[in-house]
Amino acid sequence: MAVFESFGDDLDDLARRAADPDAGIRRVAMQDLGEAVSPDSTALLIAGAKDADEAVRAAAVKSLEEHEGLEAALALIGALDDPSETVRAAAALSIADKKASGSAPALIEVAGAGRPFARAAALRALREMQDPAAFPVALRSLADPDASVRLEAMAVLGWLKAEEALPALIRLARDPDARIRLGLMAALVFVRSGEVGVSTLIEGLKDTDWQVREQAAASIAKARLIEASDALCALIEDPVWQVRCKAVNGLGKMKVEAAVSTIGAALGSGISNLRKEAAAALGEIASPSSISVLELCASDPDPDVRKLVQWALGRCRQAAAKVAS
């Protein structure tokens, strides 16, 4: 980013072009103002965000991402309600990256009362701010009629790690939109409490959408929920190979020795990615009982599988040597 320390003719020229009758010239001026960072250039961009021409407004809100300060953030928040979809989308991308000090109250207001797109974009911007003041509006937004808003609200609560939101979050396990159920499985890594959170993740392993099942398996592994290991073992029979891979991966990460024979059976799969995950999981668990099945796969046709098998064999043999000594 080029920062103008002495503006003089440079900023004067940009100001003239920003006011030119030709919309194309104004648009290029807005683009150039993205690199001319100063209070005066910010003011020109804020004005440009209200230009009569859609392309000029879009260029202005894109450039405002480079400008710090509350005024720039508020202009972007205002552009979330622009009549142009292009401008709204540009504003949403720009405001999501800003985290401007003092902008949270305005975002919270939009999240609670704006149009659906603006509500979702405001919640998305609030997510990484991790401002506890966003909790009430995010909690209310879990019941929003728009699925995108519900999805972003759930993400805010996940980043806040708000255990008190768990009852409302759990109800989303029956949401008709698979994206919401998928997001819930991810959020429960951070927002879970005892049996309720665990049982919801286990139920997620049976979801009708395979991506939800896959995410539930990933979250169980990340949260190290050993109590869900039997359910993960059952998932190795899933009809979708990506889900089977995630189940095997999770069992390996949690080092579930009781799953060694189940994982070993996956080494006979016709899908090389699943064989790789199985070999890696057996290496993570490092049980001497895995040696015989791994040795049978030492000549696997896939070189990546063979490498992982040799690595796993090394770990399992080391474990066997320790037991013998």
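H67 sits in the loop between helix 4 and helix 5; helices here are DSSP runs of H or I with at least four residues, numbered from the N terminus. This is a predicted model, in which local features need pLDDT of at least 70 and side-chain atom pairs count only at pLDDT 80 or more, while totals for chains, interfaces and linings use all residues. Residues are numbered from 1 along each chain as its sequence is written, and side-chain values use heavy atoms, with hydrogens and water left out.

H67 counts as buried because its relative accessibility is 0%. Buried means under 20% relative accessible area, exposed means over 50%, and partly exposed lies in between, using a 1.4 Å probe and protein chains only. A polar atom of the H67 side chain lies 2.9 Å from the backbone oxygen of L33. Apart from neighbours within four places in sequence, H67 is in contact (heavy atoms within 4.5 Å) with L33, G34, A36, V37, S38, S41, T42, L45, A72 and K98.

## Helix 4

The buried residues are V56, R57, A58, A59, A60, V61, S63 and L64. They pack against helix 2 (23-33), helix 3 (39-48), helix 5 (70-79) and helix 6 (85-96).

At the start of helix 4, a side-chain oxygen of D53 comes within 3.0 Å of the backbone nitrogen of A55.

## Helix 3 against helix 4

The axes of helix 3 and helix 4 are 8 Å apart and the two helices pack at an angle of about 140°. Axes are lines fitted to C-alpha atoms, for helices over the stretch in contact, and angles run from 0 to 180 degrees between N-to-C directions. Helix 3 and helix 4 are therefore oblique to each other; angles under 35 degrees count as roughly parallel, over 145 as roughly antiparallel, 65 to 115 as roughly perpendicular and the rest as oblique.

The crossing of helix 3 and helix 4 is left-handed, meaning that the near helix is turned anticlockwise from the far one by less than a right angle. Helix 3 contributes T42, L45, I46 and G48 to the contact, and helix 4 contributes V56, R57, A60, S63 and L64. By class, the contact of helix 3 with helix 4 has 5 nonpolar, 3 polar and 1 charged residues. Ala, Val, Leu, Ile, Met, Phe, Trp, Tyr, Cys and Pro count as nonpolar, Asp, Glu, Lys and Arg as charged, and the others, Gly among them, as polar.

## Helix 18 against helix 20

Helix 18 (residues 272-285) packs with helix 20 (residues 303-324) at an angle of about 15°, with their axes 8 Å apart. The two helices are therefore roughly parallel to each other, and their crossing is left-handed.

On the helix 18 side, S272, R275, K276, A279, A280, L282, G283 and E284 meet D304, V305, L308, V309, W311, A312, R315 and C316 of helix 20. This contact has 9 nonpolar, 2 polar and 5 charged residues.

## Two loop residues with positive phi

K255 is not a glycine, yet has a positive phi of about 55°. K255 lies in the loop between helix 16 (241-253) and helix 17 (260-266). With 45% relative accessibility, K255 counts as partly exposed.

A286, also a residue other than glycine, has a positive phi near 55°. A286 lies in the loop between helix 18 and helix 19 (291-295). A286 is buried, with a relative accessible area of 15%.

Notes. Polar contact = N/O pair within 3.5 Å; in protein donor to acceptor, adjacent residues only side chain to side chain.
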